[in-house]
Amino acid sequence: MDYSKKYLLKSVFITGTDTDVGKTYITAGLAVALRKMDVDVGVMKPFAAGTAQKKGYKSEDVEILAKAAQTSDPENLVNPQFFPISASPYTAWKNLKTKPKISAILSNFKKLSKLHEMILVEGMGGIMTPILKNYYITNLIKEMKIPTVIVTRSKVGTVNHTIMTIQMCQKYKIPIKGIIINDFDDDGYSVKNLKRDLQNLTDVKVLGSIPFIKDMSDASLNRIFKKNIDLKTLLK
Ligand SMILES: Nc1ncnc2c1ncn2[C@@H]1O[C@H](COP(=O)(O)OP(=O)(O)OP(=O)(O)O)[C@@H](O)[C@H]1O
Ligand SMILES: C[C@H](N)[C@H](N)CCCCCC(=O)O
Ligand SMILES: [Mg+2]
């Protein structure tokens, strides 16, 4: 079946209010829970950066995502570009002279969309991470023509970051499926109050919150995400 037509709309970009907010952990958990609902889910990390792993996938993010989705899609399809420094694609380009390849990202996304019902695409850093001059994660999401989920922490300061991220989505006319609060900080806001305030201040739905995950096994992720995330809205 040519999924690219029927299911592309189901694909979702997972962005966040910053790097290290938990986009990989949340994307992995969503991939496991959706797979357990018999959704044929694929994963993509268009750009990855950092210290390359010695074995298997270069990017640890990609390893976590591929394991969660249990796909055997080739690495160059899932992660078309890896930069061996911890930086944005733009900075990596300026430092390493390797230009980010947007066309490869978009054509690989199309190929993956033909192989699965739904693709979860993990971003990189926050939504205004620069890829080229005047081309950000926002522009990439627009060209992929898919909605986004925003991952935010529960630490104090997250309200500002979340509102700024939402306002950038609105500026670029990117549909927002919802917010997921990654409540892995022990000194953050109460999730109940944070959910109340974010929804009141932004009119964007909070799809749920995820606690500190001790066990990244399938069974654990499936239990946590099924219990805490409104997957139906995600699949609408
Ligand atoms: N819910 C969680 N439970 C336990 N640890 C978490 C959780 N979420 C994030 N972490 C911790 O925070 C680190 C960063 O999370 P993660 O790699 O998912 O961030 P990211 O937003 O994907 O970052 P990047 O922008 O580099 O892709 C993880 O390596 C893990 O140690
Ligand atoms: C390497 C790191 N873990 C991320 N993958 C890349 C984060 C880019 C951040 C750009 C910035 O806002 O400074
Ligand atoms: Mg990540």
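Biologist: Which residues come nearest to ligand 1?
Modeller: Thr19, Lys23, Thr24, Asn182 and Ile213 come nearest, out of 16 residues around ligand 1. A residue goes on that list if one of its heavy atoms lies within 4 Å of the ligand. Bear in mind that this is a predicted model, where local features need pLDDT of at least 70, side-chain atom pairs count only at pLDDT 80 or more, and totals for chains, interfaces and linings use all residues. Side-chain values use heavy atoms, with hydrogens and water left out.

Biologist: What does Lys23 touch on ligand 1?
Modeller: A polar side-chain atom of Lys23 sits 2.7 Å from an oxygen atom of ligand 1. That's a polar contact, meaning a pair of N or O atoms within 3.5 Å.

Biologist: And Asn182, what does that one reach?
Modeller: A nitrogen atom of ligand 1, which is 2.9 Å from a polar side-chain atom of Asn182.

Biologist: How much of ligand 1 does the protein bury?
Modeller: It buries 78% of the 630 Å² that ligand 1 exposes when taken alone. Those areas come from the Shrake-Rupley method with a 1.4 Å probe.

Biologist: Which helix gives the most to the shell around ligand 1?
Modeller: Helix H2, residues 23-36, with 3 residues. Helices here are DSSP runs of at least four residues, and strands are runs of at least two.

Biologist: What's the shell around ligand 1 like by class?
Modeller: There are 6 nonpolar, 5 polar and 5 charged residues. Asp, Glu, Lys and Arg count as charged, and Gly is among the polar ones.

Biologist: OK, ligand 2. Which residues surround it?
Modeller: Thr19, Ala49, Ser86, Ala87, Ser88, Met124 and Gly125. Taken alone, ligand 2 exposes 390 Å², and the protein buries 61% of that.

Biologist: How many charged residues are in the shell of ligand 2?
Modeller: No charged ones; the shell divides into 3 nonpolar and 4 polar residues.

Biologist: New topic: how many aromatic pairs are there?
Modeller: The structure holds 2, counting rings of Phe, Tyr and Trp (its six-membered ring) with centres within 6.5 Å.

Biologist: Why is the Phe47 and Phe83 pair called stacked?
Modeller: Because their planes are at 25°, with the ring centres 6.1 Å apart. Planes under 30 degrees apart count as stacked, over 60 as edge-to-face and the rest as tilted.

Biologist: Where do those two sit in the chain?
Modeller: Phe47 is in strand E3 (residues 47-49) and Phe83 in strand E4 (residues 81-83), 36 residues apart, and the pair links distant parts of the chain.

Conventions. Residues numbered from 1 in each chain as written. Chains lettered and ligands numbered in written order. Polar contact = N/O pair within 3.5 Å; in protein donor to acceptor, adjacent residues only side chain to side chain.
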